[in-house]
Number of protein chains: 4
Amino acid sequence: MSLNSFGHLFRVTTWGESHGPALGATVDGCPPGVPVTEAQIQPWLDRRRPGQSKATTQRKEPDAVEILSGTFEGVSTGTPIQLMIRNTDQRSKDYGEIAEKFRPGHADITYWQKYGIRDYRGGGRSSARETAARVAAGGVARLALAELAPGLEISGYMVQMGEKKIDRARFDAGEIARNDFWCPDPVMAQDWAEYLDWLRKDDHNSVGAVIEVVAKAVPPGLGAPVYGKLDTDLAAAMMSINAVKGVEIGEGMAAAALTGRDNADEIFMGPGGPQYSSNHAGGILGGISTGQEVVVRFAVKPTSSILTPRRTITRTGEETEIVTKGRHDPCVGIRAVPVGEAMMACVLLDHILLNRGQTGSAPGETRGRIGE
Amino acid sequence: MSLNSFGHLFRVTTWGESHGPALGATVDGCPPGVPVTEAQIQPWLDRRRPGQSKATTQRKEPDAVEILSGTFEGVSTGTPIQLMIRNTDQRSKDYGEIAEKFRPGHADITYWQKYGIRDYRGGGRSSARETAARVAAGGVARLALAELAPGLEISGYMVQMGEKKIDRARFDAGEIARNDFWCPDPVMAQDWAEYLDWLRKDDHNSVGAVIEVVAKAVPPGLGAPVYGKLDTDLAAAMMSINAVKGVEIGEGMAAAALTGRDNADEIFMGPGGPQYSSNHAGGILGGISTGQEVVVRFAVKPTSSILTPRRTITRTGEETEIVTKGRHDPCVGIRAVPVGEAMMACVLLDHILLNRGQTGSAPGETRGRIGE
Amino acid sequence: MSLNSFGHLFRVTTWGESHGPALGATVDGCPPGVPVTEAQIQPWLDRRRPGQSKATTQRKEPDAVEILSGTFEGVSTGTPIQLMIRNTDQRSKDYGEIAEKFRPGHADITYWQKYGIRDYRGGGRSSARETAARVAAGGVARLALAELAPGLEISGYMVQMGEKKIDRARFDAGEIARNDFWCPDPVMAQDWAEYLDWLRKDDHNSVGAVIEVVAKAVPPGLGAPVYGKLDTDLAAAMMSINAVKGVEIGEGMAAAALTGRDNADEIFMGPGGPQYSSNHAGGILGGISTGQEVVVRFAVKPTSSILTPRRTITRTGEETEIVTKGRHDPCVGIRAVPVGEAMMACVLLDHILLNRGQTGSAPGETRGRIGE
Amino acid sequence: MSLNSFGHLFRVTTWGESHGPALGATVDGCPPGVPVTEAQIQPWLDRRRPGQSKATTQRKEPDAVEILSGTFEGVSTGTPIQLMIRNTDQRSKDYGEIAEKFRPGHADITYWQKYGIRDYRGGGRSSARETAARVAAGGVARLALAELAPGLEISGYMVQMGEKKIDRARFDAGEIARNDFWCPDPVMAQDWAEYLDWLRKDDHNSVGAVIEVVAKAVPPGLGAPVYGKLDTDLAAAMMSINAVKGVEIGEGMAAAALTGRDNADEIFMGPGGPQYSSNHAGGILGGISTGQEVVVRFAVKPTSSILTPRRTITRTGEETEIVTKGRHDPCVGIRAVPVGEAMMACVLLDHILLNRGQTGSAPGETRGRIGE
């Protein structure tokens with residue numbers, strides 16, 4: 001019952017602080033026989049890596065992943081895979097003031113209260129650097145998915161920054177990798193770029209975001225009611241990411257405004273099995289995947305580390321102000337995109353293994369056939 | 001790793017189908033010495049019970065809870081508490097058509113595909129009747145909370161039905177128990193009553209809802225980063241409830257639209273410790289409770305069981321239409337209110353025990369003191 | 001992390017006290033599509049049932065199992081199976097003295113110290129009646145094994161009572177069901193009968209025993225190093241049975257006296273794969289089954305509930321004597337035989353599911369082939 | 001449900017292979033505020049380290065532990081502690097023959113069968129090198145125990161090598177650290193030295209052993225019936241150690257030969273609470289510690305890696321012979337002593353945290369008082 005672990009059969013335990021010597025993930029339960037090498041995982045880390053554009057923190061971390069165990073001659077052996085990422089650019093001096101003051105909206109105060117000790121350097125364990133370990137683990141999950149569910153594709157992107165939402169009519173999947181924001185709307189990408197520039201330089205402020213992660217060609221039958229539902233595990237996975245305050249499946253919160261008539265995804269018979277008139281459900285019914293696209297969205301709050309002074313208290317209870325001078329992302333949501341994808345990969349792989357364990361169905365098979 | 005269990009130290013396993021002989025919850029890890037009797041738990045079940053007004057399904061179930069183990073002379077012994085609720089009003093004939101057809105937007109098709117067998121009577125395991133077991137378990141959790149964290153209060157209510165949202169300016173806590181909708185806004189309660197009447201009788205339709213659950217006097221220090229965060233566990237708990245499609249903590253999805261300056265809950269020194277200028281965070285920072293109110297919202301989709309015909313397929317793959325004639329709730333969100341409260345109670349108790357286990361702090365104590 | 005649960009994917013949670021209204025097992029993770037009926041499980045309970053001979057307690061319990069959930073038309077659905085057994089013959093008056101005094105060698109004192117409350121009637125949760133729930137769960141496991149690993153057979157028997165060990169030269173599997181002791185040695189069975197009669201009637205005493213449980217045709221590849229080893233889980237399963245003080249795999253404690261040359265099970269090539277010259281390992285190497293017989297032994301201590309007075313203290317700390325008058329087994333080891341078999345069944349099924357989940361191998365398949 | 005993890009609240013996940021770059025343990029759930037430094041853990045590793053005498057393998061490993069996370073300024077923060085040990089002396093050439101042949105009595109064949117791939121270098125994951133990670137984790141557990149249960153002492157020693165048992169009349173605790181065998185009997189230590197020398201050099205053989213681990217001043221009330229019993233968890237912990245084939249608590253297997261009259265540990269009232277006339281139970285009743293010494297023994301089989309040829313098969317199914325030339329311990333039981341101690345430390349700490357979580361009792365406190 002490690003509280004720094006997630007997953008059932010594919011189980012990931014992350015460890016490490018922002019300014020310690022290293023951080024990483026212990027990945028247990030990977031199927032044997034999967035090609036897993038550092039070179040295959042590194043690209044996912046590179047996508048999340050800070051310091052790549054002015055839109056994200058200027059901290060320079062190579063985030064080079066080292067595999068310390070669990071593979072042999074480039075292939076997984078079924079034993080735990082240790083993924084280690086060294087911290088190299090720890091300018092601790094930036095964080096001096098934070099040792100005594102609590103940043104509003106930050107884990108500083110709660111870690112102190114709970115534990116009576118905290119590694120204040122860069123947020124310690126509460127730093128978004130922890131998500132690098134998730135991305136590494138997600139890289140392993142993707143490699144296993146490539147073997148077990150070859151057509152399955154996971155794609156994350158930003159659909160909202162502050163009050164600015166993308167126009168779904170302009171959605172262009174090819175655009176996502178072309179801008180600094182994983183934005184599928186080229187017009188909005190430009191708008192966001194200007195907004196963020198102003199926000200950072202002139203307004204000394206930060207802003208929230210909404211990320212959407214979609215998985216295509218998800219096998220039907222994944223998810224184990226009622227407390228291991230696919231949507232339950234996705235909600236937990238996304239909510240565990242730093243700064244996330246809301247999670248939606250399919251219609252999400254907007255489902256409240258719909259009627260049953262409008263919300264029903266009607267069913268037809270297609271060549272490869274059931275087809276649906278729509279996907280309000282986000283690909284999950286009763287906690288089990290339908291075979292449609294699995295659609296998850298989550299909201300990331302604006303970082304509390306800003307250059308604008310905020311009122312707070314010190315550890316000794318004195319009232320004061322704080323300005324966070326370190327190198328921080330004006331929109332942490334941007335870097336949450338690869339993290340959300342990684343969590344999706346881990347959850348889907350885990351449920352493929354679970355489903356295979358209980359029902360004996362290989363990915364894409366189902367015990368109950370329709371039309372036979 | 002039971003997939004029908006939730007919680008870490010206070011661990012609840014539910015079992016049972018809609019139309020089997022009984023359903024219930026196996027509650028493990030309750031602290032010893034807590035007064036726990038059927039009479040104390042029954043009122044919570046009565047609140048969730050169907051057949052109480054025309055706003056909910058007309059199925060008549062007494063939902064009488066029986067304690068089969070884990071107490072002695074009315075007090076918990078620390079051993080598993082078995083809570084059983086018999087099913088009495090199972091008119092299976094209502095469900096004949098569903099044996100062959102899949103209701104759109106319902107778990108029928110996914111259970112069939114995954115398991116190759118399903119108890120189609122009333123939805124079987126996927127029925128909302130499962131939530132009665134949660135409410136019973138939540139009753140035990142509340143009794144333990146009354147001992148361990150005496151001031152803690154949990155209150156759930158509906159804030160939106162369809163597109164109709166309450167006016168927070170009219171919020172009246174006393175009103176919640178006075179109407180059929182757990183609505184804190186008396187004007188909106190009247191509006192909803194008329195709307196639901198029309199929806200059910202004339203429109204043969206159903207509608208979604210948003211429920212908010214608030215816990216007051218939550219001890220600071222609850223939650224165990226990074227995968228046992230308090231908000232992570234709350235998100236999982238709420239998303240596991242039938243028909244829930246979105247979960248929010250504090251500002252929730254709206255946090256995306258805020259800037260860091262606006263979203264920061266500034267900190268002051270009050271007589272009893274830190275005070276905050278606002279509660280955008282919903283009482284949780286870095287996954288750990290601050291001592292502020294913990295605020296969770298979740299969206300319940302409209303039920304797919306409606307009298308309006310919807311297109312679907314049969315088990316043999318033929319296209320057809322379906323009309324669900326059974327006794328169904330036009331707004332299942334109403335009965336989700338006590339369920340959300342129960343989940344909140346279970347999660348908070350669990351984290352009180354976890355925090356006490358790891359840090360040694362009794363509820364309300366913290367290892368890190370401020371201003372001393 | 002229920003502490004009243006065992007198993008990973010096939011997970012059993014037991015509940016109930018000796019003198020409460022009922023006890024049972026919540027079985028989660030059973031594969032769907034397995035024929036499971038009360039009539040099929042009852043015979044296993046009948047084997048464990050007390051009151052069948054003068055060798056065991058005279059308490060009369062029908063131990064009739066009721067399935068409350070998880071099956072539909074006699075077949076498992078993949079949802080939790082609730083197995084309930086009512087207590088009917090609770091002569092609580094027998095246990096009056098125990099309310100105030102602690103029986104030496106019994107859980108009375110530790111339950112009191114730990115929890116500050118105990119159900120003293122018949123030992124409450126610490127009673128061997130709890131094992132009826134294990135046998136019921138084991139019955140479900142056997143039904144699933146019959147589907148998944150058809151040739152697999154589990155057989156338990158007693159090999160030692162007090163200082164009297166069976167003569168393995170006289171081992172006759174057919175004899176096991178013919179006597180009251182599950183004794184495979186007909187000569188020793190007669191000897192034990194006379195000894196136990198004297199022990200109970202004249203000596204007012206009780207005695208320990210050693211039980212051996214063997215599983216044949218166990219698929220190779222079961223067990224998940226290094227903390228989910230097959231032998232680790234078997235050791236935990238057996239040690240969790242009431243009164244068990246030692247567990248052995250294969251040679252067990254005697255392995256200490258062997259040299260590497262003698263202990264090596266040499267390997268040959270047989271028609272169906274590897275064959276071994278011997279089975280010192282008890283069918284498990286490195287925590288993984290070899291395909292040989294899995295052999296487990298465990299020692300059951302003599303019950304502390306005897307008619308001979310023993311010195312003890314009361315709850316108020318006064319020194320006194322105690323004589324346990326209730327209906328107790330002079331050799332609780334006898335009734336542990338079906339319990340040991342049940343635990344073996346649960347552990348093997350669990351590891352078949354786990355192995356299928358991680359490696360994708362159906363029972364009897366292995367990813368690594370030899371001689372191909 | 002990581003299968004490379006053990007423990008409930010104090011949860012240890014080990015990772016790494018014999019000849020990979022490193023191995024280690026991810027320790028989650030350590031209480032905050034515990035002084036934990038590399039210098040404090042290293043001595044425990046030094047005790048287990050190979051190459052220290054001719055009695056153990058000549059592989060030279062410094063086994064230097066590095067703490068990569070979870071501490072700040074030398075004190076635990078409550079976040080995961082990563083303990084890494086680099087492998088430095090990996091003479092892989094020694095292991096060439098093992099790539100194609102399976103050593104009898106070794107995990108070679110089962111890893112191959114299960115996973116279809118194995119890191120044959122030095123046994124990979126099945127190597128006893130994995131136990132270094134346990135010892136490091138046990139070092140952390142000891143530091144936490146020093147804070148939480150200051151008087152608690154854990155001591156392991158060998159009581160049997162081959163057929164040669166110590167004479168308990170000569171038991172001298174001070175002797176344990178003075179010889180190469182953790183032997184408390186100075187006469188037997190000399191006998192073993194000569195025997196082992198002969199066994200290794202002349203007989204080209206290996207031999208088994210029995211280790212006893214005793215914990216003194218264990219608080220009463222530890223252990224959570226019925227599947228988290230203290231003895232259940234100890235049995236699993238010890239059985240998970242490489243080459244262990246049997247585990248005993250208190251009287252162990254010998255309990256079978258006792259009568260109830262002889263086995264009863266009679267209870268008296270002492271100045272500090274209950275006192276017992278004897279300790280047949282090994283300090284555990286009903287799965288809960290009594291406050292007496294907790295006594296565990298386990299048998300370690302002789303290593304299968306010997307210079308004497310044994311018959312076996314190759315991966316292609318050909319029959320052959322094997323001689324294991326590498327650097328191996330003639331009595332692996334010797335190095336299992338510190339490992340058994342480490343497992344005891346981890347289990348006791350875990351149960352102190354669990355007991356505190358559920359019952360609220362600090363170590364040494366109990367909810368039920370006697371004589372008050």
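I'll start with one residue pair: in chain D, D:F6 stands opposite D:V12, which lies in strand β2(D). Strands here, numbered from the N terminus, are DSSP runs of E with at least two residues, and helices are runs of H or I with at least four. Before going on, the ground rules: this is a predicted model, in which local features need pLDDT of at least 70 and side-chain atom pairs count only at pLDDT 80 or more, while totals for chains, interfaces and linings use all residues. Residues are numbered from 1 along each chain as its sequence is written, chains are lettered from A and ligands numbered from 1 in the order in which they are written, and side-chain values use heavy atoms, with hydrogens and water left out.

Back to that pair. Strand β1(D) is joined to strand β2 (residues 11-16) of chain D by 2 bridges, and the two run antiparallel. Two strands count as paired if DSSP finds at least two bridges between them. The sheet in chain D is open, with 5 strands in the order β1-β2-β3-β7-β4 and antiparallel pairing. Its edges are β1 (5-6) and β4 (65-67) of chain D; each has a single partner strand, so one side of each lacks a neighbour in the sheet. As background, strands of a sheet pair through backbone hydrogen bonds, either parallel or antiparallel.

Now chain B. It too has an open sheet of 5 strands, ordered β1-β2-β3-β7-β4 and paired antiparallel. At one end, β4(B) is joined by 3 bridges to strand β7 (residues 81-86) of chain B, running antiparallel. Within that pairing, B:E66 has B:M84 in β7(B) as its bridge partner.

Next, how the copies relate. Chain B superposes on chain D by a rotation of 180 degrees with 0.0 Å of shift along the axis, at RMSD 0.0 Å. That is the relation of a two-fold axis. In chain B, the residue that comes closest to the rotation axis is B:G357, its C-alpha at 1.9 Å. Of the interface residues of chain B, 100% are also interface residues in chain D, so the copies meet through the same surface.

What does chain B share with chain A? There are 115 residues of chain B in contact with 115 residues of chain A, contact being heavy atoms within 4.5 Å. The two chains bury about 9200 Å² between them, 60% of it on carbon and sulfur atoms. That area is the accessible area (1.4 Å probe) lost when two parts are put together, summed over both. B:K114, B:Y227 and B:R261 supply 10% of what chain B buries against chain A, more than any other three residues.

How many salt bridges are there between chain B and chain A? The count is 6, where a salt bridge is a side-chain nitrogen of Lys or Arg within 4 Å of a carboxyl oxygen of Asp or Glu. One example is B:R310 with A:E266, whose closest N and O atoms are 3.8 Å apart.

Strand β11 (residues 244-249) of chain A is joined by 3 bridges to strand β11 (residues 244-249) of chain B, and they run antiparallel. There, A:V247 has B:V247 as its bridge partner.

Definitions and conventions: Copies are superposed by least squares on the C-alpha atoms of residues with pLDDT of at least 70 in both.
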